[in-house]
Amino acid sequence: MTSSAMPPVSPVPEPQAAVDAAPGTGPVGTLLTERPPVPATTGPMIAIDGVSKWYGDFQVLTNCTTSVTKGEVVVVCGPSGSGKSTLIKCVNALEPFQKGQITVDGTKIADKKTNLPKLRSRVGMVFQHFELFPHLSITDNLSLAQRKVLGRSRDEAEAKGLALLERVGLKAHAHKFPGQLSGGQQQRVAIARALAMNPIVMLFDEPTSALDPEMVGEVLDVMVELAREGMTMMVVTHELGFAREVADTVVYMDQGGIVEAGTPAEVLGGPREARTRSFLSAVIG
Amino acid sequence: MFSNFDFGVILNSWRYLFLDGMTFTLTLTALAAVGGVILGTLIAMMRLSGLPVLPQIAKVYVNFMRSLPLVLVIFWFYFLVPYIGQWIIGAERPIQVGAFSSSLITFTLFEAAYFSEIMRAGIQSIPKGQGAAASALGLTYWQSMGSVILPQAFRNMLPVLLTQTIVLFQDTSLVYVLSITDFLGAASKIAQRDGRLVEMYLFAAVVYFTVCFIASLLVRRLQRRVAIIR
């Protein structure tokens, strides 16, 4: 994790000259706004309240409290082993936790009565290792959950998938299999796959950590664009450039706890805590 | 040394050997393999479910079946199943189970133990993240298994499953203990009727070898075709 591996995020875009020069960024940009209106809730989109988690005797999360409001981009950073990935996996209950409470759009996720598959279908997640389904074509990767979970027809699901694929600049690869794409392309497909479910919030778990340095930019560009369109996002990443540019809130974690949180300027510019300062100086150099 | 052999016995009896004997052998192999893979997959899922009790039941079943000789299980089922059936239904007499049904049930249950271990390895060979990604998209456990995990596990394990099926094909010859006419049983009957033991058993060996050899070649070709691009 050296500073030299951190590519600059493209600056405020001249109309997104992004990613494989996707033609028609205009019309597809509307795709995200066509989602059904979010039911009005008073609370934040994600509320993490006093969450603690143990693996046996070892405590991985200690009393974590933070929240993500609608339209907000929260970046969680911190050294490896600080529990940030574990925390984000708790949000859609991929990891259980023993103490505290997490609500997503007003629904308590640890509640036994909560229909987890239904809740998860509304929370998009992007993984460090992409996790595309290698035995399915890109088209099928994008349409599988739409058909099985949302009950869309094959035609509808494939059209939606194709439109999102165009959005991330990979329409020409629809017939291929994941193994035939580069890491950056696979991660962009994974983002499209999550977006195809019309999520109310997107979780990113170190989306660029497994990529070759030259591919980090293309994935960050897609994320920046997504953030600009108003998507609610919780992002675990080491890309402080991304945090500085698009985050509304930066949360710094260390040893399973949240050390401090604030605007990028506060946390990255003038951190109050010594631990944050030493982390930043190590990362930025 | 072959001068006093009479291979004409094969020509005279091929219809019986193949249309009766081999047809039975292949039918039993195919049905038991399909049944065994389905049941074995369910047992593997039980074993990996992480729920209480189910994994223990699966484990005991697999270890029990694998520690018994197949011939014993064939016998056991043939003589016991009618009584178990009687006990379950509460009938007055032991229910009649034909030799074919009995052998099919036996082979399915027996092979399921072996297939379950293969499928367990197959399921465990799929990275944990695949299941997590399926869950994160909102797929239920069964949808995730059916669309994401099992198709990949099955593909990874296909060569081993087919190899086990070739073993099953050879093992079906054990149904001779129930006086069923499978291929070897047919060959044996002709051999004893015509006093041509050496010729017939030699021929049976050549046929078994040929079938298994061709099958294993096909497995290798198939393996290349179904491999997942990574």
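Guide: Welcome! In chain A, E218(A) and R188(A) form a salt bridge, with the closest N and O atoms 2.8 Å apart. The two partners lie 30 residues apart, E218(A) in helix α7 (residues 213-228) and R188(A) in helix α6 (residues 183-195). This is a predicted model, where local features need pLDDT of at least 70, side-chain atom pairs count only at pLDDT 80 or more, and totals for chains, interfaces and linings use all residues. Residues are numbered from 1 along each chain as its sequence is written, chains are lettered from A and ligands numbered from 1 in the order in which they are written, and side-chain values use heavy atoms, leaving out hydrogens and water.

Visitor: What makes K53(A) and E95(A) a salt bridge?

Guide: The term asks for a side-chain nitrogen of Lys or Arg within 4 Å of a carboxyl oxygen of Asp or Glu. For K53(A) and E95(A) the closest N and O atoms are 3.3 Å apart, so the pair qualifies. K53(A) sits in strand β1 (residues 46-55) and E95(A) in the loop between α2 (84-91) and β4 (99-104), 42 residues apart.

Visitor: Why is K53(A) called buried?

Guide: Buried means under 20% relative accessible area, exposed means over 50%, and partly exposed is in between (1.4 Å probe, protein chains only). K53(A) has 2%, so the word buried applies.

Visitor: Why is R221(B) called exposed?

Guide: R221(B) has 60% relative accessibility, which is over 50%, so exposed is the word. R221(B) belongs to helix α8 (residues 197-226) of chain B.

Visitor: What makes T25(B) and T29(B) a polar contact?

Guide: A polar contact is a pair of N or O atoms within 3.5 Å; within protein, one must be able to donate a hydrogen and the other to accept it, and residues adjacent in sequence count only if both atoms are side-chain atoms. The backbone oxygen of T25(B) lies 2.7 Å from a polar side-chain atom of T29(B), so the distance is within that limit. T29(B) is buried at 7% relative accessibility.

Notes:
Helices (H or I, at least four residues) and strands (E, at least two) are DSSP runs, numbered from the N terminus.
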